[in-house]
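Q: Hi! Could you walk me through this structure? I have a few quick questions.

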Amino acid sequence: MAKSAIQKIAMNPSENIAYDKLVLSQQNVRRVKDGVTIEQLAEDIGRRKLLQSLNVRPVLDGNGDETGSYEVPAGGRRYLALGILVKQKRLAKNEPIPCIVNRSGTTSAEEDSLAENVHRENLHPLDQFRAFKALREQGLDVEEIAARFFVSAATVKQRLRLASVSPKLLELYEKDEIRLEQIMAFSISDVHARQEEVWERISGNPHMQEPYYIRRLLTETTVRADDRRAVYVGAEAYEAAGGVILRDLFEQDSGGWFQDAALLEHLVFDRLKIDAETIRADGWKWVEAAISFPYGHTSGMRRVYAEPAEMSAEEIARYDAVKAEYDALDARYAEMEDADQEIEDRLDKLGAELDGFGDRPQVYDPAQKAIAGAFVTLGVSGQLQVEAGFVRPEDEPRAEADGSDEEADGGDRDASQSDENGANGIVVNGRSTNGGSEATDEPEEEGIKPLPERLVFDLTAQKTLALRNALANDVDIAFVAVLHALVLQVFYRFAKDSCLEVTLASNSFGQVQGLAETAWAKEIAERHEAWGRDMPDSDKLWDFLLGLGEASRKALFAHCASLSLNAVVEPWNRRPGALTHADALAATLGFDMVTAGWEPTVDNYLGRVTKARIVQAVREARGEDSAQLIDHMKKDLMAREAARLLEGSTWLPEPLRLEGDAAVDAGETVTEDVTDETALDGDAADLPAFLADTASEEPTVADEETDQLEAAE
């Protein structure tokens, strides 16, 4: 049996039809404007001519014969754009227009119009990037590309920025294995290896693939542009020194990220030195500059304050003349019955000049400046912050009798020592730190060893400062606490069972790094400064206190009482009764370090304890299964992953717990009946892929070696 021939498809013919023979069809389905406007399309056709023919149908008369006119059901926007060019006389009315003529009648005009609009597909962003890149390589600049395709220059820059993304990631994007938002996040960095490393780290866990998390991983070793160091140096100076600023063209980045933190620190110290020299040239004995100073760095120093500058003889004479004229004119005006605008204007002018005399510049006594100094640091907004007028104890004026003894014993001893230590000059970043790196992976014995005494001191110093802050916010309890300490001294004489040092011997704990930057220290300092501005001279203090309202006196009392609180654990100063009282006081205040804002981090705990302690912390907070997921890691990686696992938990190290507290609230964070499956569904699901995989099966020796290699990488 012979096969029937397959009927071949015949294309509609293409014809050039004069524009004035064309009319817009009412069957065109497009009604709403979208995308490029007709005017922009006309400009594009005027530059590159028509790229796509119009789809037309002959207009028939009553007998079904062609009239010579054609309607346009598909291509209406192009037709209207051509009309604009005709109106602008840039195109002749009878210019032949390429058209596809449909005379078959097998489909309706509405169907053809719908098909043309529905079947087209927008250009993939990656294809648009490649096209823009090709035009850029052909010599077109960003503005020219934007103008030709009626998009903003920012859009072109965003598409071109995709060139900074690794080709491997772009290939995954082309396969729809990575979202556009993720590709945008990866474009922050230009280092392809780093991008691929981050993707490998997060690819196994959908919860870690959000764009914000990708940006955080790519910028974790950089400095934000709104950091006070970056603001102080400035982007222009940093880039002039060879620094690179990472920018996010797709999100608001507040100026980006300074990539080279070491270079930025160097520039900060160089500029601080220049600023410090300028300040010392004003007559100060010494100037010490640093990005920040430890909490309580001015402890033990007397402070002198600036006073309004005295008026010169000429200023006094002018003041007397202005005052006399003002008083005479004011008295005369008071006797007048009618208002006089000229006199009022003169009085206003004289009054403003008198106010200017009262607004005197604040100046320091040169004799005081000769023995005092200033601390120069950076404010939270990057502005230079100067605290001046501090007199060190060794610079205090001495009695003549003491001076003779000192001279006999070597009168220049203090001065030479001061010069050696930078006391009579400029110190930039001169604050020393104790100890070396505590994050090394040193050999250690199995089992839990006691916490280092220094770490216990640091932790309880934080507890003390936070507890001080809590006490300052509860006036009634602060009053009872001081009353308790007073009763102990009056009736029990030698008892030391109070954590309040009512003599106000307030330790500053300046050796604890980062303490001044805590929220508690800042709140205490702001409160102290506010009260300090209100304090009168010492001989007027009693009357000042009597004049305060009850609420103000109580608030000042609570502030002073809180500064004497000491809950620090010191090996040379055992105070079991005082520490017990500190916990009782905290319980009464409803205070704990979790609600105060403390969380374990690599810097404040995890990087400073043994691996056994790190694993113990994760076990107490998240359970045995989570602890097993990190127990094979090297210490630095273990500390970082443990910090992430402990985020949001209520876990505290022993020195920060109150008496009777457990490590965490077991009802909230750790359950007794935890299976391998539920552990993987919960905590392990939030771990990187290479961690979660290790929990899914019993590891062999080879597996453990592989895991260690991956962790090392």
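Q: In what order do the 5 strands of the open sheet come, and what is the pairing?
A: The order is 10-14-13-9-15, and the pairing is mixed. Two strands pair here if DSSP finds at least two bridges between them. Strands (E, at least two residues) and helices (H or I, at least four) are DSSP runs, numbered from the N terminus. Keep in mind that this is a predicted model: local features need pLDDT of at least 70, side-chain atom pairs count only at pLDDT 80 or more, and totals for chains, interfaces and linings use all residues. Residues are numbered from 1 along each chain as its sequence is written, and side-chain values use heavy atoms, with hydrogens and water left out.

Q: Thanks! Which are the edge strands?
A: Those are strand 10 (302-303) and strand 15 (426-428), each of which pairs on one side only.

Q: And in what sense do strand 9 and strand 15 pair, parallel or antiparallel?
A: Parallel: strand 9 (residues 286-289) pairs with strand 15 over 3 bridges. Ala289 stands opposite Val428 of strand 15.

Q: Switching to helix 7, which of its residues are buried?
A: In helix 7 (residues 167-174), they are Leu169, Leu170 and Tyr173. Buried means under 20% relative accessible area, exposed over 50%, and partly exposed in between (1.4 Å probe, protein chains only).

Q: Why do they line one face of the helix?
A: Seen down the axis of helix 7, the buried residues fall within an arc of 100°, so they line one face. The arc is that of the directions from the helix axis to the C-beta atoms. On the other side, Pro167 and Lys168 are exposed.

Q: What do those buried residues pack against?
A: Helix 4 (125-137), helix 8 (180-186) and helix 9 (192-202). Contact means heavy atoms within 4.5 Å.

Q: What does Leu585 touch?
A: Leaving out residues up to four places away in sequence, Leu585 touches Leu471, Ile477, Ala481, Cys499, Leu500 and Leu565.

Q: Last one: where does Ser152 lie?
A: Ser152 is in the loop between helix 5 (142-148) and helix 6 (153-161). At 39% relative accessibility, Ser152 counts as partly exposed.
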